[in-house]
Amino acid sequence: MSLLLKLAALIDWINTRVGQFTIWLVLAASVISAGNAFSRYGFSLSSNAMLEVQWYLFAAVFTLCAGYTFLRNQHVRIDLISNRMSAKGRNWVDVIGIVVFLIPVATMIMWMSWPGFVDSYVNMEESSNAGGLIRWPVRLLIPVGFGLLALQAISELIKRVAFLTGHGPDPLEKPVEHGVAAGGDAQEGTK
């Protein structure tokens with residue numbers, strides 16, 4: 001189990017670095033969006049390429065941060081049901097969901113999107129908009145993003161199995177940051 005936990009830590013490190021880098025793309029998209037709006041309304045200048053860069057950056061944030069979001073346990077959950085379950089019950093639900101749904105679907109999307117990227121790259125597909133950008137970089141985001149999500153799913157599966165077998169902490173426990181739980185509740189001591 002210790003070797004698997006080291007693999008999980010490596011995957012966590014990769015997705016953390018990708019997430020920390022990708023977060024900066026939000027700032028870049030905001031600056032480009034503001035600059036594009038300023039040039040359009042202030043000087044009547046517009047650029048399809050600048051609009052597409054915004055879309056590409058948004059797509060990068062959305063797809064590349066899926067694994068990072070899963071690592072941080074920030075995906076949407078049905079807390080009404082899961083809060084009534086024991087820690088082991090919640091982890092068992094996650095194990096089943098990861099094995100039956102997440103890994104197969106993420107792998108399938110990654111596999112099925114690869115030929116679209118290759119075709120776009122080989123043919124140097126361009127946007128149909130005048131002055132638009134090449135398409136292969138945004139098409140590459142799909143297999144890479146779902147690949148990172150599939151890797152994180154493997155990491156989360158390892159951590160949940162480690163918890164269920166008594167080899168690790170509960171990965172679903174909200175982290176305590178500066179005396180306040182991620183949900184905003186003040187924490188007294190540790191659990």
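The structure is a predicted model, in which local features need pLDDT of at least 70 and side-chain atom pairs count only at pLDDT 80 or more, while totals for chains, interfaces and linings use all residues. Residues are numbered from 1 along each chain as its sequence is written, and side-chain values use heavy atoms, with hydrogens and water left out.

Confidence comes first. The mean pLDDT (the predictor's confidence in each residue, from 0 to 100) is 85 for the chain, and 89% of the residues reach at least 70. Secondary-structure elements are DSSP runs numbered from the N terminus, with helices (H or I) of at least four residues and strands (E) of at least two.

The packing can be followed through the nonpolar cores, which are sets of buried Ala, Val, Leu, Ile, Met, Phe, Trp, Tyr and Cys residues joined through side-chain atoms within 4.5 Å. Here, buried means under 20% relative accessible area, exposed means over 50%, and partly exposed lies in between (1.4 Å probe, protein chains only). The largest core has eleven residues, among them L25, Y56, V61, L64, V138 and L148. Two or more residues each come from α1 (2–43), α2 (48–64) and α6 (136–164), and α2 gives the largest share, with six. Leaving aside residues up to four places away in sequence, V61 touches T22, L25 and V26. A second, separate core has nine residues, including I98, L149, A153 and L164.

Turning to charged side chains, the whole structure contains six salt bridges, each defined as a side-chain nitrogen of Lys or Arg within 4 Å of a carboxyl oxygen of Asp or Glu. One of them joins D94 and R160, with an N to O distance of 2.8 Å. Since D94 lies in helix α5 (residues 87–122) and R160 in helix α6, this pair ties together parts that are 66 residues apart in sequence. Both D94 and R160 are buried.

K159 and E156 form another salt bridge, with their closest N and O atoms 2.8 Å apart. These two residues are three places apart in helix α6, so about one helical turn separates them. K159 counts as buried because its relative accessibility is 18%, and E156 is buried with a relative accessible area of 2%. Together, D12, D94, E156, K159 and R160 are linked in a network of salt bridges.

The salt bridge between E125 and R139 has its closest N and O atoms 2.9 Å apart. The pair links distant parts of the chain, 14 residues apart: E125 is in the loop between α5 and α6, and R139 is in helix α6. E125 is partly exposed, at 27% relative accessibility, and R139 is partly exposed at 32%.

Finally, an unreviewed UniProt entry lists residues 21–41, 53–71, 92–114 and 134–154 under "transmembrane region". UniProt positions are given in the numbering used here, feature names are shortened, and annotations may be inferred rather than shown by experiment. In the model, residues 21–41 are 100% helix and 0% strand, with end C-alpha atoms 31 Å apart. Residues 134–154 are 90% helix and 0% strand, and their end C-alpha atoms lie 33 Å apart.

Notes:
Contact means heavy atoms within 4.5 Å.
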